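Subject: Structure handover

Hello,

Here is the structure I promised to pass on. My notes on it follow below.

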Amino acid sequence: IGSIVVLDSKSGDILAMASRPNFDQDNVGDHLESNDKELYNKAIQISFPPGSVFKIVVAAALLENNIISLEDKLFCEGFEMLGTTMIKCNTYESGGHGELTFEQAFSKSCNSAFIQGAQELGGERLIEMAKKFGIGEKTGIKISEEVGGILPTEDYVKGAGIGNVAIGQGTVEVTPLQVARFTNVIANDGIDVGVGLVKAIIDENGKILTEFNDREIKRVISSDTSNKIKKMMSMVVEEGTG
């Protein structure tokens with residue numbers, strides 16, 4: 001069960017948006033009771049916990065607020081305790097990552113490092129950055145069925161919830177199209193060009209009847225921060241968990 005979204009990075013135009021499994025148009029009734037949600041466009045109609053891809057947003061908030069630098073050292077012992085709640089890292093069974101830089105923590109998707117960073121950052125600034133990236137609101141592609149995802153409340157992130165949100169779990173949910181949009185902010189040097197599905201409606205003679213050019217283009221993070229995150233995203237594939 002899933003979805004694939006492909007954007008033109010510079011324009012934000014949606015080049016492809018697929019949702020699977022699909023439904024048999026000749027036998028729609030067969031899918032009404034299905035758990036696979038074939039009748040939903042999973043790119044825009046269902047939101048999911050983003051998981052570690054949300055660490056892009058957390059990293060942006062930490063760097064923009066000068067909480068951390070790429071070379072800063074952190075320590076992972078395989079888990080973090082938030083009150084009585086234990087949140088494990090992917091190295092829990094082996095005793096943790098040990099000492100590592102923030103750059104390495106990103107590439108290895110270290111939960112402990114991101115929880116530590118989010119605690120220092122604070123829930124309010126984390127939610128503020130998530131809003132800047134368009135999380136918690138519709139993308140504006142003018143499909144009425146689109147959902148806006150879910151942002152955690154400020155009360156949730158005041159306690160142990162900050163640890164869950166730091167790793168893309170808990171009460172934060174996004175659609176695949178929202179993920180495509182906020183990763184495209186990184187690709188565009190920190191600028192959100194929005195997303196669009198239809199450029200214009202034209203008649204049979206080629207005359208433009210309606211043109212859709214009302215997307216707001218805005219800077220979300222600095223070019224410096226986006227370049228640092230680009231570097232770390234490359235490291236995920238070259239030497240990390242990707």
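This is a predicted model: local features need pLDDT of at least 70, side-chain atom pairs count only at pLDDT 80 or more; totals for chains, interfaces and linings use all residues.

How many of the residues of α1 are buried? The count is 9 of 10, over residues 55-64, so the rest of the structure largely encloses this helix. The buried ones are Lys 55, Ile 56, Val 57, Val 58, Ala 59, Ala 60, Ala 61, Leu 62 and Leu 63. Lys 55 is on that list, so a charged residue sits among those under 20% relative accessible area. Just past the end of α1 comes Asn 66, with a positive phi of about 55°.

**The chain as a whole**

The protein chain holds 7 helices and 10 strands. Its C-alpha atoms occupy a box of roughly 65 × 45 × 35 Å along the principal axes. The radius of gyration is 20 Å. A compact globule of 242 residues would come out near 18 Å, so the chain agrees with that expectation.

Of the 242 residues, 43% are buried. The accessible surface is about 12400 Å², and carbon and sulfur atoms account for 47% of it.

**The largest pocket**

The largest pocket has a volume of about 320 Å³. Its lining is made up of 20 residues. Which of them lie nearest the centre? They are Thr 139, Gly 140, Lys 142, Val 195 and Arg 215. By type, the lining divides into 9 charged, 6 nonpolar and 5 polar residues.

**Backbone points to check**

Most residues other than glycine have a negative phi, and most peptide bonds are trans. A few places here deserve a look on that account.

Lys 142 is one of them. Phi of Lys 142 is near 65°, a positive value. The residue sits in the loop between α4 and α5. Is Lys 142 buried or exposed? It is exposed, since its relative accessible area is 52% and the cut-off is over 50%. Lys 142 also belongs to the group nearest the centre of the largest pocket.

Asp 189 also has a positive phi, near 55°. Its place is the loop between α6 and β7 (191-192). With 29% relative accessibility, Asp 189 is partly exposed.

Then there is a cis peptide bond. It joins Arg 20 and Pro 21, with omega at about 0°. Pro 21 falls in the loop between β2 (14-20) and α1.

**One distance across the model**

Asp 24 lies in the loop between β2 and α1. Its relative accessibility is 34%, so it counts as partly exposed.

Best wishes

Technical notes: Residues are numbered from 1 along each chain as its sequence is written. Side-chain values use heavy atoms; hydrogens and water are left out. On a 1 Å grid over the protein atoms alone, a cavity is a set of points where a 1.4 Å probe fits but cannot get out, and a pocket is an open set with protein on both sides within 12 Å along at least five of seven lines; lining residues have an atom within 4 Å of a point. Grid points are joined across faces, edges and corners, and a volume is the space filled by probe spheres set on the points. Helices (H or I, at least four residues) and strands (E, at least two) are DSSP runs, numbered from the N terminus. The radius of gyration is taken over C-alpha atoms; the globule rule is 2.2 Å times the number of residues to the power 0.38. Buried means under 20% relative accessible area, exposed over 50%, partly exposed in between (1.4 Å probe, protein chains only). Accessible areas come from the Shrake-Rupley method with a 1.4 Å probe; for residues, only the protein chains shown count as cover.
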